[in-house]
Amino acid sequence: MTYYDYHYKVNTRDTDPFNQCRPSAMLGLLQEAATEAAIALHVSREETLEKYHCFWMLARLWYRLDRPLHWDEALTVRTWHRGGRGASVYRDFDLFVEGVPVGEAVSTWVLADVDTHKLFRLSHVAEFAGSDGGALCKDHLLGKLRLPGNMELAERRRMHYSDADVNRHVNNSKYADFACDALELETLGAWHFVSSLQVGFLAECRPGETIDIYTGRDGETWYAHGCDGAGKSRFDAALTLAPAPETRS
């Protein structure tokens, strides 16, 4: 059984107007934990480029929180992979504050050839052999989101310099901001928090492009979907909201 512990303190850049860790910050720190774990496993960006001529792409990510995280809280993210089979690999996470479980997460990753973008079979990655999380591995699977039929255009959003990262496209964590902005989460006050979020990364966005963001609701789940002017999907997201603990009866 192999796992990696990533330690992080929630800072002021991570928090929203209600002193809750923003969903985009959650996505960011989960990706950082995955990156550090990949380095420890010798399947970092640089090593996979050199050895397999491939690069990592995050396909989907889901997390669930028992309560909101707040500024200055020390978070431990424990992460492991489920083994490389087929064209994708699952990476799981458990979240702790002072040793107390506060949530969990699951992500799916693929390796793609640098030149052709053809997916690389994970069974060919020798580093994955015998290095999975064993009994820790979760059984939660991330399927394609089924969007409700009542989606309406919420906004038209242009991609800017501040959205992009070293890969020259919009950073994965930014799509959580796009979804939360389109759903106007600032109207909730401190009485609710995003208790779960799944994001699907469907196609890259780059600075200068504009996407249309549609939103809708099905029961207690809120949805956001981004596509370009030609109708090509770029991302989708599903959020559930829960009362903040201090407001629960």
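Predicted model: local features only at pLDDT ≥ 70, side-chain atom pairs only at ≥ 80, totals over all residues.
Let me begin inside helix H3, which covers residues 174–182, where Tyr-175 and Phe-178 are three residues apart and are therefore separated by about one helical turn. An α-helix has 3.6 residues a turn, so residues three or four places apart point the same way.

How are the rings of Tyr-175 and Phe-178 arranged? A pair of aromatic rings is described by the distance of the centres and the angle of the planes. The structure holds seven aromatic pairs, and in the pair of Tyr-175 and Phe-178 the centres are 5.6 Å apart with the planes at 85 degrees, so this pair is edge-to-face. The cut-off behind that word is that planes over 60 degrees apart count as edge-to-face. Both residues are part of one aromatic cluster, whose members are Tyr-175, Phe-178, Phe-201 and Phe-235.

If we widen the view to the whole helix, seven of the nine residues of H3 are buried, so H3 is largely enclosed by the rest of the structure. Those buried residues are Tyr-175, Ala-176, Asp-177, Phe-178, Ala-179, Cys-180 and Ala-182. They pack against several elements, including helix H1, strand E8, which is residues 192–201, and strand E11, which is residues 233–243. After H3 comes Glu-184, whose phi is positive, near 55 degrees.

Let me now follow two of those partners, E8 and E11, which pair in the antiparallel sense over nine bridges.

In soluble globular proteins, nonpolar side chains tend to be buried together. In this model, the largest nonpolar core has 57 residues, and of these Leu-30 and Tyr-63 touch the most other members. Helix H1, residues 23–40, gives the most to this core, with eight residues. If you look around Tyr-63, leaving aside residues up to four places away in sequence, you will find among its contacts Pro-23, Met-26, Leu-27 and Leu-30, and also Val-194 and Leu-197.

Next I would like to turn to strand E4, residues 88–97, in which nine of the 10 residues are buried, so E4 is largely enclosed by the rest of the structure. Which strands does E4 pair with? One partner is strand E3, residues 74–81, which pairs with E4 in the antiparallel sense over seven bridges, with Thr-79 having Phe-93 in E4 as its bridge partner. The hairpin of E3 and E4 has six residues between the strands, and in it Gly-83 takes a positive phi near 100 degrees. The charged end of Arg-82 sits over the ring of Tyr-90, 4.2 Å from the ring centre.

Another partner is strand E5, residues 100–113, which runs antiparallel to E4 and is joined to it by 10 bridges. Val-97 stands opposite Val-100 in E5, and the hairpin formed by E4 and E5 has two residues between the strands, with Glu-98 in the turn showing a positive phi of about 55 degrees. Gly-103 lies in E5 and, at 7% relative accessibility, counts as buried. Although Gly-103 and Arg-64 are 39 residues apart along the chain, their C-alpha atoms are separated by 5.4 Å.

For "domain: Acyl-ACP thioesterase-like C-terminal", the UniProt record lists residues 158–218, a span that is 15% helix and 33% strand, with its end C-alpha atoms 27 Å apart.

Note on methods
Residues numbered from 1 in each chain as written. Heavy atoms only, no water. Phe/Tyr/Trp six-rings, centres within 6.5 Å; stacked < 30°, edge-to-face > 60°. Helix = DSSP H or I, 4+ residues; strand = E, 2+ residues; numbered from the N terminus. Lys NZ or Arg CZ within 6 Å of the ring centre and 35° of its normal. Buried < 20%, exposed > 50% of the residue type's maximum accessible area, 1.4 Å probe, protein only. Pairing = 2+ DSSP bridges. Core = buried A, V, L, I, M, F, W, Y, C linked by side-chain atoms within 4.5 Å. Contact = heavy atoms within 4.5 Å. UniProt positions renumbered as here; feature names shortened; annotations may be inferred.
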